[in-house]
Amino acid sequence: MGERIDAKVVVIGAGFAGIGAGVRLLEADETDFVILERAKDLGGTWRDNRYPGCRCDVPSNLYSYSFALNAGWRQTYADGEEIGAYVHEVADRFGVTAHVRLSHDVLEARWDDEGHWRILTDRGEYRCRFLIAAAGSLAEANMPSIPGRGLFSGIMMHSARWDASVDLRGMRVGVLGTGASAVQIVPALQPDVAHLSVFQRTPSWVLPHRLRRVPDWRRRLYRVIPALQGLVRSATYWQRELLAVSAFTKYDGLRNMLERRGRRHLARQVPDPELRAKLTPDYELGCKRVLPSNEFYPALCQDNVELVTEPIARIEEEGILTTDGELHRLDAIILATGFHVRDNPFGERVFGRESHTLAEATRGEHPSYLGTTLPHFPNFFLLSGPNTGTGHTSQIFMIECQLNYVIDALAQLEAPGTVAEVLESVAHGQSEDVQRRLRRTVWMSGCASWYQNDQGRNIAIWPDYTTVFRRRTRRFDPTDYVITETAAPASPSHSDRQATAFWRVEPSGSGAQDRSWSTLIG
Ligand code: N01
């Protein structure tokens, strides 16, 4: 069954996080690594999400790696295609592409207690000292378990599994969901389809969008004076940080101001009071992702569009039946129903010591430390892990913070056989601190969102300024870890390991691997 390869580091996933890890490893002169990618191409979420209208709702100047600002962005908010091309370009330019193994589906990753991770893929086995999981938290499409889903005789596809060969023009189309994907899909489809039924369970807060074409002169200017683009990036970062995080965590007055803006936007764009009432959220702005769009509301006002708020009873051969007994006849159903976040199946394939699964941590049953390292998972780093998400700024910023930490850890754990596992007490303390901070924020203000697990624990959001996350992840502090050498073949229990930890590395303190603050932002 194929090759068996030893590498010092294995990265799982070749999206923004995995490619970023590759760049930072190479920058640290680490070439002994591979990046395993299950798909036929790299790019992660921007490879998968190719639905009409797909674009990033974070400004493009901010939505890029700090080490690869892109003077060429054509739009102030880049579309999926442009971002996909950017990830490829970065991977090629920094020499990461050569380390990517495409079409390698990780079936299982398991710690062997001898100082290695063993990774079984459908193309062979890999063994490494350090495992970096960059598989993404929005990678598995959520197919809603609505009765009768299999009965539908028309076309059905999820927003993240778009089949570009399907021509929806002239069809009766139903879109399920009104989240971040749906608000982009609906206006893109509306002009071409015969009829569009938008099935809404919860209205979203929608704010005016500042989407523009970037003029050629500005792109030329950014090429000539890159620092100027850095300045713009910096300003965008701080504006979002100060306005959004303050509004969502501390100052109700600021949030009320944003809500007024949202209501004005709705009133301006939707003259029909009945439709407006259906679209008015009854929860606090920010509790779910706030969506920028100038096209969503106008699309809903068109004659060929119907907003359906009656709950769905079941799917039938010919369409969707709502609980009021109406059958909405459809040729195609688009499931813009989000992703498996808390129950991402990837987590069931990764086993730490004593067969603990990564899923237990991502479901919020076990603590993680800064969403990056986990008790029972030695020499393991999770990118975009629990409570590293943000709704207001670029996720790439958070990933880069985590990478600072990972690269510093690898430098400090360099001696062969060194194994580090975060102390349960440290992870528990930090996770509980996050939960305590979350309690006072808008993200726990009562709406139902995918940010929470079944127990109502918020497993997604970082509840503070991202500057704080940046500070906390600047250095790997070995005193937070049990650090052992794997000279002895036996696998001591966790408590034994704590008792016999005989070797500790000192914090580097040099900050050699750390990116300066100004570099990361601007
Ligand atoms: O998914 P969502 P998404 N019956 O989970 C509804 C990122 N993203 O793909 O709100 C009926 O937000 C559900 O209803 P409700 C971004 O992080 C980024 O849109 O649960 N309806 C909701 O309306 C985002 O947060 C960009 O009541 C059902 C919708 O489906 C994340 O991806 C662009 C249902 C799902 O909304 C996910 O966004 C796009 C059911 N059984 C996405 N199940 C950027 O621009 C679910 N729904 C960066």
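The model is predicted: local features need pLDDT of at least 70, side-chain atom pairs count only at pLDDT 80 or more, and totals for chains, interfaces and linings use all residues. Residues are numbered from 1 along each chain as its sequence is written, and side-chain values use heavy atoms, with hydrogens and water left out.

**The antiparallel sheet**

Strands here are DSSP runs (E, at least two residues), numbered from the N terminus. Two strands pair if DSSP finds at least two bridges between them. Strands of a sheet pair through backbone hydrogen bonds, either parallel or antiparallel.

E14 and E15 belong to an open sheet of three strands, ordered E13-E14-E15, with antiparallel pairing. E13 and E15 are the edge strands, and each pairs on one side only. Neighbouring strands are turned by 25° against each other on average, direction ignored. Such angles are taken between N-to-C directions of lines fitted to C-alpha atoms and run from 0 to 180 degrees.

Strand E13 (residues 312-316) is joined to strand E14 (residues 319-322) by four bridges. A hairpin of two residues links E13 to E14. Here Glu316 stands opposite Gly319 of E14. On the E15 side, three bridges join E14 to strand E15 (residues 327-329). Gly319 stands opposite Arg329 in E15, and Leu321 stands opposite Leu327 in E15.

**The parallel sheet**

Another open sheet has five strands in the order E7-E16-E8-E9-E12, paired in parallel. Its edge strands are E7 (155-158) and E12 (305-308), each pairing on one side only. From one strand to the next, the twist averages 15°. Strand E9 (residues 195-199) runs parallel to E12, and four bridges join the two. Phe199 has Val308 as its bridge partner in E12.

**The ligand shell**

There are 21 residues around the ligand, and Arg55, Asp57, Ser181, Thr202 and Lys288 come nearest. A residue counts as near if one of its heavy atoms lies within 4 Å of the molecule. The shell divides into eight nonpolar, eight polar and five charged residues. In this grouping Asp, Glu, Lys and Arg are charged; Ala, Val, Leu, Ile, Met, Phe, Trp, Tyr, Cys and Pro are nonpolar; the others, Gly among them, are polar.

At least three shell residues come from each of domain 1 (5-140 + 340-521) and domain 2 (149-212 + 220-228 + 238-335). The domain bounds come from an automatic or database domain assignment.

| Residue | Atom of the residue | Distance to a ligand oxygen atom |
|---|---|---|
| Asp57 | backbone N or O | 2.7 Å |
| Thr202 | polar side-chain atom | 2.5 Å |
| Arg289 | side-chain N or O | 3.3 Å |

The protein covers 84% of the 920 Å² of accessible area that the ligand has on its own. Accessible areas come from the Shrake-Rupley method with a 1.4 Å probe.

Notes
Polar contact = N/O pair within 3.5 Å; in protein donor to acceptor, adjacent residues only side chain to side chain.
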